[in-house]
Amino acid sequence: MQKVFIANRGEIALRIIRSARVAGYTTVAVASEADAQAPHVVAADESVVIGPAPATASYLNINALLDAAERTGADAVHPGYGFLSEKADFARAVIDAGLTWIGPTPDTIALMGDKVAARRAAAEAGVPILPGTDGPLADDADLDAVVHEIGVPLVVKAAAGGGGRGIRRVDDANSFAETVQAARGEAAAVFGDPTVYVERFVPRARHVEVQIAGDGENFVHLGDRDCSWQRRSQKVIEEAPAPGLPEDVRERIRRSSVELARRAGYCGVGTVEFLYDPVRREAAFIEMNTRLQVEHPVTEEVTGIDLVAEQLRIAEGLGLSFRQEDVIISGHAIECRLNAEDPAKGFFPSPGAITTLVWPDGEGVRIDAGIEEGTVVAPYYDSMIAKLIVHADDRSTAIEQMGRALADVRIDGIVTTIPAVAALVARAEFAAVEHHTTLIEKSPEILEAP
């Protein structure tokens with residue numbers, strides 16, 4: 001590997017460029033016409049415009065990406081997160097083109113992308129799972145028997161879903177059949193696959209996850225994270241390690257996540273996600289993400305391990321630079337996602353030119369951003385423009401530090417979610433670890449300053 005082609009944009013493209021440069025690789029950035037002057041384009045050693053602004057014509061256009069990789073002489077492809085990062089077809093196309101794919105194998109991506117197959121694989125590896133159907137819900141299944149066995153509330157999930165999409169909750173057994181029919185139709189329309197399965201619903205659940213890595217021979221975890229502040233199933237604030245977990249639960253999810261990686265012969269970094277039930281004091285498998293996560297910086301901060309650098313090492317065949325006994329969790333880290341959205345207008349996107357940009361500085365503060373002063377935030381892509389990360393000796397200090405850091409950010413020219421995120425950081429529920437994945441939906445007023 002000598003030249004890394006980054007099939008992504010914005011903050012994550014810049015993040016990959018930084019680690020690749022330190023490791024001695026040349027980088028190639030791609031851009032849509034709307035991103036031709038974006039910071040990630042300027043930062044890379046080379047760049048190429050691959051198509052019009054819509055993602056379908058640029059960042060999601062496999063043929064255009066592979067053509068650009070060939071024209072620039074790249075020999076490896078890093079997909080980042082989002083876009084095509086968990087598309088097995090893209091990984092296969094990259095490999096078939098004679099390029100190195102920086103990620104797990106296409107077969108692993110396909111396995112974990114099928115939520116029914118992933119649930120089965122998790123159970124076989126000893127990963128705790130929620131009560132539910134053993135496989136896809138058959139077209140001729142006795143729905144009355146299913147709902148009686150699992151009980152309500154329950155959720156109907158699309159097998160090809162992910163990222164919080166393709167999920168329908170059932171609170172009344174009488175509405176189960178209607179919900180199944182609607183879920184199958186939605187799954188077919190959104191994911192091209194009508195397959196669904198059923199699981200027990202966990203009220204007031206927390207979202208916890210384990211960062212894993214493997215090189216085909218050495219399989220490790222790098223601790224856990226909590227991502228329970230969510231809005232419409234999208235993460236808002238993440239932290240590491242996950243606070244308030246019973247040690248037996250923490251140990252089980254870490255150990256079983258490594259076993260899942262081992263059985264899959266995992267090569268790359270990935271995340272095993274769980275729902276934690278604070279009443280039952282149990283965690284259960286949701287899914288596995290076969291890519292770098294948006295929230296990976298909090299794990300990097302508490303372990304001191306560069307996850308992108310490890311991805312590059314694994315892809316080159318060098319293997320992980322550490323073993324499990326080398327992983328030491330130190331202190332506490334919190335990450336806030338900053339989006340170009342207007343909370344006063346229902347979080348409607350707020351594109352435009354950034355006229356003023358001031359970031360906080362100081363020890364323990366990290367900024368992963370895809371913007372700079374003068375950047376035009378386009379309306380075509382995800383609205384996340386930056387991530388603010390703090391690392392302190394303990395959680396309470398990290399919360400205080402994050403509050404100060406958010407107050408010191410200044411972004412003019414667009415409206416951002418900073419006030420709403422700052423309100424969440426200041427909530428008593430956050431400090432007491434009483435927040436959960438649906439709290440914002442149930443109490444939207446908590447997005448306002450206390």
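Which residues line the largest cavity? They are His 78, Pro 79, Gly 80, Ser 85, Trp 101, Ile 102, Gly 103, Pro 104, Thr 290, Arg 291, Leu 292 and Gln 311. This is a predicted model, in which local features need pLDDT of at least 70 and side-chain atom pairs count only at pLDDT 80 or more, while totals for chains, interfaces and linings use all residues. Residues are numbered from 1 along each chain as its sequence is written, and side-chain values use heavy atoms, with hydrogens and water left out.

**Cavities**

- Rolling a probe the size of a water molecule over the atoms shows where empty space is left.
- A cavity here is a set of points, on a 1 Å grid over the protein atoms alone, where a 1.4 Å probe fits but cannot get out; lining residues have an atom within 4 Å of a point.
- Points are joined across faces, edges and corners, and a volume is the space filled by probe spheres set on them.
- Counted this way, there are 2 cavities of 30 Å³ or more.
- The largest cavity has a volume of about 50 Å³, and its lining divides into 5 nonpolar, 6 polar and 1 charged residues.
- For these classes, Ala, Val, Leu, Ile, Met, Phe, Trp, Tyr, Cys and Pro are nonpolar, Asp, Glu, Lys and Arg are charged, and the others, Gly among them, are polar.
- The second largest cavity holds about 30 Å³ of space.
- Around the second largest cavity sit Ile 102, Gly 103, Cys 267, Gly 268, Val 269, Gln 311, Ile 314 and Ala 315; strand S12 (267–277) and helix H11 (307–316) are the elements giving two or more residues to this lining.

**Cis peptide bonds**

- Helices (H or I, at least four residues) and strands (E, at least two) are DSSP runs, numbered from the N terminus.
- Val 152 and Pro 153 are joined by a cis peptide bond with omega about 0 degrees, and Pro 153 is in the loop between helix H7 (143–150) and strand S6 (154–162).
- From Ala 240 to Pro 241 the peptide bond is cis, with omega near -5 degrees; Pro 241 lies in the loop between strand S11 (234–240) and helix H9 (247–263).

- Arg 204, not a glycine, has a positive phi of about 55 degrees, and lies in the loop between strand S8 (196–200) and strand S9 (206–215).
- Arg 204 is partly exposed, with a relative accessible area of 48% (buried is under 20%, exposed over 50%, partly exposed in between, with a 1.4 Å probe and protein chains only).
- Arg 232 also has a positive phi of about 55 degrees, in the loop between strand S10 (219–231) and S11, and is exposed at 58% relative accessible area.

How values were computed. On a 1 Å grid over the protein atoms alone, a cavity is a set of points where a 1.4 Å probe fits but cannot get out, and a pocket is an open set with protein on both sides within 12 Å along at least five of seven lines; lining residues have an atom within 4 Å of a point.
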